[in-house]
Amino acid sequence: MSEPLRFDRGHTDDLMSFLAASPTPYHAVANAAERLEKAGFRQVSETDSWDESAEVSAAGSGGRYVLRGGAIVAWYVPEGARPHTPFRIVGAHTDSPNLRVKPRPDSGAHGWRQVAVEIYGGPLLNSWLDRDLGLAGRLSLRDGTTRLVDVARPLLRVPQLAIHLDRTVSSEGLKLDKQRHLQPVWGLADTVRDGDLVAFLEEEAGVAPGEVTGWDLMTHPVEPPAYLGRDRELVAGPRMDNLLSVHAGVAALTAAAASGGPLPYVPVLAAFDHEENGSQSDTGADGPLLGGVLERSVLARGGSWEDRARAFAGTVCLSSDTGHAVHPNYAERHDPTHHPRVNGGPILKVNVNNRYATDGSGRAVFAAACEKAGVPFQTFVSNNSMPCGTTIGPITAARHGIHTVDIGVAILSMHSARELCGGEDPHLLAAALTAFLTG
């Protein structure tokens, strides 16, 4: 193996900016698209015809991408690519557990103005208490267009009950009712009026009153990402699960497109929404988005169904998502022989019951990419007594018949409003992904 890469603080600085600017999946894909545009990629519409001239003209001169809601699929056709040329895919997801606004958001009691929220995914609920929260998302307008909005300042707060009114909280633990105890306050009012929140957001977004007819809104902590530790070797921030992988995937794809010359594969980034609640949506990994884009790319290059089958058979996907670093206060919860450490390089995630899609041949593919990049890697396996999570990996493998490998970065506080990773690992992951995409 070549000399290990040194900490690229510039990459981690950029990740922190990406996290801060991406409070929702819709913002995340918009920011990813902006970075791709700067690298020469161009958006294509799913409703337009993808003819051969459009796809071939992209070869060697910039890639293409498709946006759908909170998901993005981007790809680059290198010079000399044939219709049956296999794909190399980096898979990730854009959503994170949080509190999301209900269809009738205006509520309150006892002089408090509140926002009615629903729990999305599996957040660590206590991490959302007594935290300054903003509000962001997508507004659907009367004319059929959408508008992103982000109130990135302290607006809401879920206040915890004082210990004087809950004397057993320290001895028996915090018990939260998801319906009664997680509704944030955002002001004072003697009377709750329907439409107040939407009217406020119309003003924030510069939209005329009454123009918003639908919304997809969610809370987010407004404290910015920050370096942590004596030597600033750690990073604390929101939504690392899994915008850390989305950011690394964008960096790897743009690097692959800028590498010049022919590549043995067609590099792809697929960042899906709704992983945290099962991926079953038109923008989730269990939906048709990825398969449709890949098939249309093959056909646009003059390929047949046979070429599509050949391309898929040779395709490999790295499903990149965060995993668990060994916790110094709960080491017994981890497998005794597998203790991934922060700043130890990306992790290979293995589960023989197929909660992760990795097998021995997939390990070899990832090991080769890490060796090429000069990146160390680690292996994660769950303690046999602890349930194992899952990812988009098995879904991608089963839905498309694509060989898939589960990897990621080891972090602490997964699903907290504020997570913790090593400052070196994001750059190491991006380097490994770049080596994978370029073969």
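## Surroundings of Asp 95

Asp 95 touches Pro 25, Arg 100, Tyr 120, Asp 241, Asn 242, Phe 272, Asp 273, His 274, Glu 275 and Glu 276, leaving aside residues up to four places away in sequence, where contact means heavy atoms within 4.5 Å. The model is predicted, with local features requiring pLDDT of at least 70 and side-chain atom pairs counting only at pLDDT 80 or more, while totals for chains, interfaces and linings use all residues. Residues are numbered from 1 along each chain as its sequence is written, and side-chain values use heavy atoms, without hydrogens or water.

Asp 95 sits in the loop between strand E4 (87-93) and strand E5 (98-109), strands being DSSP runs of at least two residues and helices (H or I) runs of at least four, numbered from the N terminus. Asp 95 is buried but has no salt bridge, and the nearest side chain of opposite charge, that of Arg 100, is 5.4 Å away. Here buried means under 20% relative accessible area, exposed over 50% and partly exposed in between, with a 1.4 Å probe and protein chains only; a salt bridge is a side-chain nitrogen of Lys or Arg within 4 Å of a carboxyl oxygen of Asp or Glu. The side chain of Asp 95 does reach the backbone nitrogen of Glu 275 at 3.0 Å, and a polar atom of this side chain lies 2.9 Å from the backbone nitrogen of Glu 276.

## Backbone geometry

Most residues other than glycine have a negative phi, and most peptide bonds are trans. Asp 241 and Asn 242, however, are joined by a cis peptide bond with omega of about 15°, and Asn 242 is found in helix H6 (residues 240-257).

His 110, in the loop between E5 and strand E6 (112-120), has a positive phi of about 55° and counts as exposed at 81% relative accessibility. His 415, in the loop between E19 and strand E20 (419-422), likewise has a positive phi, near 75°, but counts as buried at 18% relative accessibility.

## Val 149

Val 149 lies in strand E8 (residues 146-156) and is buried, with a relative accessible area of 4%. Its contacts beyond four places in sequence include His 27, Leu 135, Leu 201 and Leu 217.

## Residues at the largest pocket

The largest pocket is lined by 36 residues, of which His 324, His 334, Phe 380, Pro 387 and Met 414 lie nearest its centre. Strand E15 (323-324) and strand E19 (410-412) each supply at least two residues of this lining. A pocket is an open set of points on a 1 Å grid over the protein atoms alone, where a 1.4 Å probe fits, with protein on both sides within 12 Å along at least five of seven lines; lining residues have an atom within 4 Å of a point.

How values were computed:
Lys, Arg positive; Asp, Glu negative; His and termini not counted. Polar contact = N/O pair within 3.5 Å; in protein donor to acceptor, adjacent residues only side chain to side chain.
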